[in-house]
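Here's a quick briefing for anyone opening this structure for the first time. Have a look at the model, then read on.

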Number of protein chains: 2
Amino acid sequence: MTDTITERIPPRSGTAFTLKHGDLLTVIDPEGRQVSDLVAYSAHDTEEHISSGRSLDYAARMLLTTDDILYSNRSRPMLTIIADEVGRHDFTLTPCSKDTFRIIYGDEEPHRGCQGNLEEALAPYGISGDRIPIAFNVFMHVAVDPGTSAIKVLPPLSKAGQQIVFRAEMDLIIGMTACSAGESNNFSYKPIDFQVTAG
Amino acid sequence: MTDTITERIPPRSGTAFTLKHGDLLTVIDPEGRQVSDLVAYSAHDTEEHISSGRSLDYAARMLLTTDDILYSNRSRPMLTIIADEVGRHDFTLTPCSKDTFRIIYGDEEPHRGCQGNLEEALAPYGISGDRIPIAFNVFMHVAVDPGTSAIKVLPPLSKAGQQIVFRAEMDLIIGMTACSAGESNNFSYKPIDFQVTAG
C-alpha cells in the first residue's frame with residue numbers, strides 16, 4: 001500500500017516533477033476559486049509536449065472533462081482526465097507572464113507570473129521558457145461571448161476541496177502553478193494542492 | 001516601383017519563405033472556400049514562433065481580424081492584420097496531419113496533411129515538425145456551440161478572390177499551406193495564392 005502525500009504549491013509559485021506511465025495526478029483547489037496552469041513533456045524527449053490544438057481537434061470540443069485525453073504535439077495521449085468535480089477548465093491561453101501583466105494590466109513592475117514560475121521549475125529538466133506551450137489551465141473559467149467572441153476571465157467554479165484527476169499515459173515531466181493572475185482567481189491569490197499516486 | 005508577383009500554392013501542398021520587417025503578405029483565396037494554415041518564426045531565432053495563446057489573451061477575443069496582432073511566444077508582435085475581406089479565421093487548431101486523418105476521419109492510408117507539408121517546407125530553415133505550433137488558420141471557419149462547446153468545422157466564408165493582408169513586424173520565416181483537410185474546405189481541395197510586397 002502506498003501512502004499518498006499531499007503537496008502544496010504556495011500562492012503565485014510553481015513546481016515541476018515527474019510521473020511514471022500509469023501514475024495518477026490529483027489536482028486540488030484547497031480554498032476554492034484558484035487556477036493551476038499545467039504543462040507536460042515526455043520524460044524521454046522534452047521536444048514532445050502537451051498540445052491544446054491537437055487535443056481540442058480530436059475531442060471536437062473546446063471544454064475538456066472526464067474521459068477526455070490531453071494529446072502531445074506528436075498526437076500521442078499524455079494524460080487522460082479520469083475524474084473531474086469541477087468540469088470547467090481552459091485550454092486556449094498561455095500562462096500569465098510579465099508581459100501579460102504589462103500589456104493587459106498595465107503594471108509597471110510586473111510579477112513574473114506563471115510563465116516565470118514554470119521557467120524556473122522546468123529549467124532543471126532542460127526546458128526553456130520558449131518551450132512552454134498553451135497550458136491546460138485547471139479550474140480556469142474563460143467565457144467566450146458567442147456573438148463578439150470576446151474572452152472574459154471569470155472566477156473559477158471550483159469550491160474548496162474540489163479536484164480533478166489525471167492518469168499519465170506515458171512517463172512525463174509536469175510543470176504546475178498556483179496562478180499569479182488576479183483576473184483568473186478573483187484577485188485572491190491562493191495555493192494549489194496535488195497528490196501523485198503510483199499506478 | 002516594385003512589381004508584385006502572385007505565387008500559387010497547389011492543392012494539398014505547402015511552402016515557406018521569408019519576410020523582411022515591414023513587408024506586406026497578402027493571402028488570397030482564388031477559388032473561394034479554401035483554408036491556408038499559416039505559421040511564423042523569427043528569422044533570427046526560430047525558437048521564437050507565433051503563439052495563439054498570447055495573441056488571443058492580448059486581443060481578449062477568440063476571432064482576430066483587421067488591426068489585431070499575432071504575437072510570438074516571447075510576447076512580441078510578429079504580424080499585424082492590416083486588411084481582411086473575410087473576417088473569419090481560426091486560431092485554435094493545429095495543422096491537419098496523418099494523425100488527424102487517422103483519428104478523426106479513420107483513413108487507413110492517411111495523407112500527410114498540412115503538418116507534413118509544413119514539415120517539408122520548413123526543414124530547410126532547420127525547423128522540425130515538433131516546433132510547428134497552432135497555426136493561424138486563414139479563412140478556416142470553426143464554429144463553437146455555446147452550450148456544449150462542440151467544435152464544428154464549416155466551409156470557409158471566403159469568396160473567390162477575397163484576401164487578408166498582414167504586415168511583418170519583424171524579419172520572419174513563414175510557412176503556409178493550401179489545406180489538405182476535406183472538412184475545412186467542403187471536400188474540394190483548392191489552391192491558395194499569395195503576394196509579398198516589399199515594405
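Let's start where the two chains meet: across the interface of chain B and chain A, the rule finds four salt bridges. Keep in mind that this is a predicted model.

**Charged and polar links between the chains**

- One salt bridge joins Asp130(B) to Arg74(A), and the closest N and O atoms of this pair are 2.7 Å apart.
- Polar contacts turn up here too: 21 residue pairs across the interface of chain B and chain A qualify, with both residues at pLDDT 80 or more.
- Which elements of chain B give two or more residues to the side that touches chain A? They are β5 (45-49), α1 (52-59) and α2 (98-103) of chain B.
- On that side of chain B, α1(B) gives the most, with six residues.

**How much is buried**

- Chain B puts 38 residues into the contact, and chain A puts in 38 residues.
- Between chain B and chain A, about 3100 Å² is buried, and carbon and sulfur atoms give 52% of that area.
- Which residues of chain B lose the most area to chain A? Look for Arg54(B), Met62(B) and Asp130(B), which together make up 19% of what that side buries.

**How the two copies are related**

- Turn chain B by 180°, with a shift of 0.0 Å along the axis, and it can be laid on chain A with an RMSD of 0.0 Å.
- The two copies are therefore related as by a two-fold rotation axis.
- Pro146(B) has the C-alpha nearest the axis in chain B, 3.1 Å from it.
- Both copies use the same surface, as 100% of the contact residues of chain B recur in chain A.

**The sheet in chain A**

- Chain A has an open sheet of six strands with antiparallel pairing, in the order β1-β12-β3-β10-β6-β5.
- Which strands sit at the edges? In chain A they are β1 (6-9) and β5 (69-71), each pairing on one side only.
- From one strand to the next, the twist averages 25°.
- Inside this chain, β6 (residues 77-84) and β10 (residues 162-168) of chain A run antiparallel and are joined by five bridges.
- To find a spot along β10(A), look at Ala168(A), which stands opposite Leu79(A).

**The sheet in chain B**

- Chain B also has an open sheet of six strands with antiparallel pairing, and here the order reads β1-β13-β3-β11-β7-β6.
- Its edge strands are β1 (6-9) and β6 (69-71) of chain B, and each pairs on one side only.
- Neighbouring strands of this sheet are turned by 25° against each other on average, direction ignored.
- Five bridges link β3 (residues 24-29) and β13 (residues 192-197) of chain B in the antiparallel sense.
- Along that pairing, Thr26(B) has Gln195(B) in β13(B) as its bridge partner.

**Salt bridges overall**

- Over all chains, the count by this rule comes to 22 salt bridges.
- Side chains of opposite charge can pair when their charged atoms come close.
- Arg102(A) and Asp99(A) form one such salt bridge, at 2.8 Å from N to O.
- Both residues, Arg102(A) and Asp99(A), lie in helix α2 (residues 98-103) of chain A, three residues apart, which is about one turn of the helix.

Terms used: Residues numbered from 1 in each chain as written. Chains lettered and ligands numbered in written order. Predicted model: local features only at pLDDT ≥ 70, side-chain atom pairs only at ≥ 80, totals over all residues. Heavy atoms only, no water. Least-squares fit on C-alpha atoms with pLDDT ≥ 70 in both. Contact = heavy atoms within 4.5 Å. Pairing = 2+ DSSP bridges. Helix = DSSP H or I, 4+ residues; strand = E, 2+ residues; numbered from the N terminus. Axes fitted to C-alpha atoms, helices over the stretch in contact; angles between N-to-C directions. Buried area = accessible area lost by both parts, 1.4 Å probe. Salt bridge = Lys/Arg side-chain N within 4 Å of Asp/Glu carboxyl O. Polar contact = N/O pair within 3.5 Å; in protein donor to acceptor, adjacent residues only side chain to side chain.
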